[in-house]
Amino acid sequence: MPQLTWLITGCTSGLGETFARAILERGDKVIATTRGDVSRISSLAEAGAKTYSLDVTAPKAEIEEVVKKIYEEHGIDVLVNNAGYIEAGLCEEADLESYQTQFETNFFGVVKVTQAVLPYFRKKQDGTIIFVGSSGGIGGEPGAGPYCATKFALEGWYDCLKQETAHLNIKSVIFELGFFRTKIMDPNNIKFRSNPIADYDPIRNAVVQFVGQMNGKQPGDPKKAINIMIDVVKGEGVAEGKALPERLPLGSDCLATLRKKRVNDLAICNEWEDVIRSTNHDE
Ligand SMILES: NC(=O)c1ccc[n+]([C@@H]2O[C@H](COP(=O)([O-])OP(=O)(O)OC[C@H]3O[C@@H](n4cnc5c(N)ncnc54)[C@H](OP(=O)(O)O)[C@@H]3O)[C@@H](O)[C@H]2O)c1
């Protein structure tokens, strides 16, 4: 496969940084981005990436300007919509602001960056868009209402976009990750704007305990996931000879979530089939 140029959002840590380094190691070009000053990702520049400042919550016109500059200077073959974080909180307790700011980054940020890149992909009738989904976008978990809502929204938007752009030879895939060992659950990164309600004490306490125990002990290895994601885009390694999957869960915990969800869905379809089918008009 020819050398590709990858534009990645959110490269200061975790999956984004790992992505950038793995792509460089495999001989492709990387445009690494960060919100704030590019000095935050100077180590990626030293490793060979081109670096730009890109806050996915910036106004759309600003994002379009940055993408235009990047495209004119380097071209873009693959967009990796990676930037994101967790707003935790029980559904009733979480501040409305918590939902709004979470959507600004995890959903509207993705929409804005993708819309800024699409005109270039349409023009050359080529390009690949990667979405970083989550097991939290397959099945909701207590204490993760704002986060899961954004990842479910992403799944729906991705499904629409994929069908609308396929005839333009624009490829896309959503990777649904389980728990991977990054800074995402670090107490300094995870936001928890909660208005505690005593009725929820046991659930909230269990969530706080779960997050504390999981942080730093997530089963998933980001390097392994990233190498698979690159294989999938390039049709190499584990993906050699395979068609681009519509979606790919990564991590045994994510597989368990997906299986449980689909088995439950199927059980509902089977148990309620007659009722479900009974709602059409009689004619
Ligand atoms: N790790 C997991 O278990 C897991 C599972 C499922 C999905 N994911 C998804 O994977 C993606 C990356 O997360 P991670 O695990 O690598 O966490 P991470 O280590 O915390 O990295 C998140 C990255 O997103 C950046 N970011 C946040 N808000 C941004 C904004 N407004 N504009 C630009 N960049 C922004 C952060 O930059 P700053 O340093 O400036 O904050 C950081 O570089 C997220 O979309 C997350 O939802 C992760």
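Reader: Leaving aside the neighbours within four places in sequence, which residues is serine 194 in contact with, and what counts as contact?

Author: In this predicted model, where local features need pLDDT of at least 70, side-chain atom pairs count only at pLDDT 80 or more, and totals for chains, interfaces and linings use all residues, serine 194 is in contact with Glu93 and Arg204 once its neighbours within four places in sequence are left aside, contact being heavy atoms within 4.5 Å. Residues are numbered from 1 along each chain as its sequence is written, and side-chain values use heavy atoms, with hydrogens and water left out.

Reader: What makes the pairing of the side chains of serine 194 and glutamate 93 a polar contact?

Author: The side chains of serine 194 and glutamate 93 are joined at 3.2 Å, and a polar contact is a pair of N or O atoms within 3.5 Å, one able to donate a hydrogen and the other to accept it within protein, with sequence-adjacent residues counted only if both atoms are side-chain atoms. Serine 194 itself sits in the loop between strand E8 (191–192) and helix H6 (201–214), helices (H or I, at least four residues) and strands (E, at least two) being DSSP runs numbered from the N terminus. The C-alpha atoms of serine 194 and aspartate 95 are 6.1 Å apart, although 99 residues separate the two along the chain.

Reader: Why are H3 and H4 called oblique to each other?

Author: The axes of helix H3 (residues 60–74) and helix H4 (residues 96–124) come within 8 Å and cross at roughly 40°, where axes are lines fitted to C-alpha atoms, for helices over the stretch in contact, and angles run from 0 to 180 degrees between N-to-C directions. Angles under 35 degrees count as roughly parallel, over 145 as roughly antiparallel, 65 to 115 as roughly perpendicular and the rest as oblique, and H3 and H4 are therefore oblique. The crossing of H3 and H4 is right-handed, that is, the near helix is turned clockwise from the far one by less than a right angle.

Reader: What makes H4 and H5 roughly parallel rather than oblique?

Author: The axes of H4 and helix H5 (residues 145–165) cross at roughly 20° and come within 8 Å, so this pair is roughly parallel. Their contact includes Phe103, Phe107 and Val110 of H4 and Ala153, Leu154 and Trp157 of H5. By class, this contact has 13 nonpolar, seven polar and one charged residues, with Ala, Val, Leu, Ile, Met, Phe, Trp, Tyr, Cys and Pro counted as nonpolar, Asp, Glu, Lys and Arg as charged, and the others, Gly among them, as polar.

Reader: How do you know that H1 is oblique to H7?

Author: Helix H1 (residues 14–25) and helix H7 (residues 222–234) pack at an angle of about 55°, their axes being 9 Å apart, and that angle makes H1 oblique to H7. Among the residues that meet are Leu15 and Phe19 in H1 and Ile226 and Met229 in H7.
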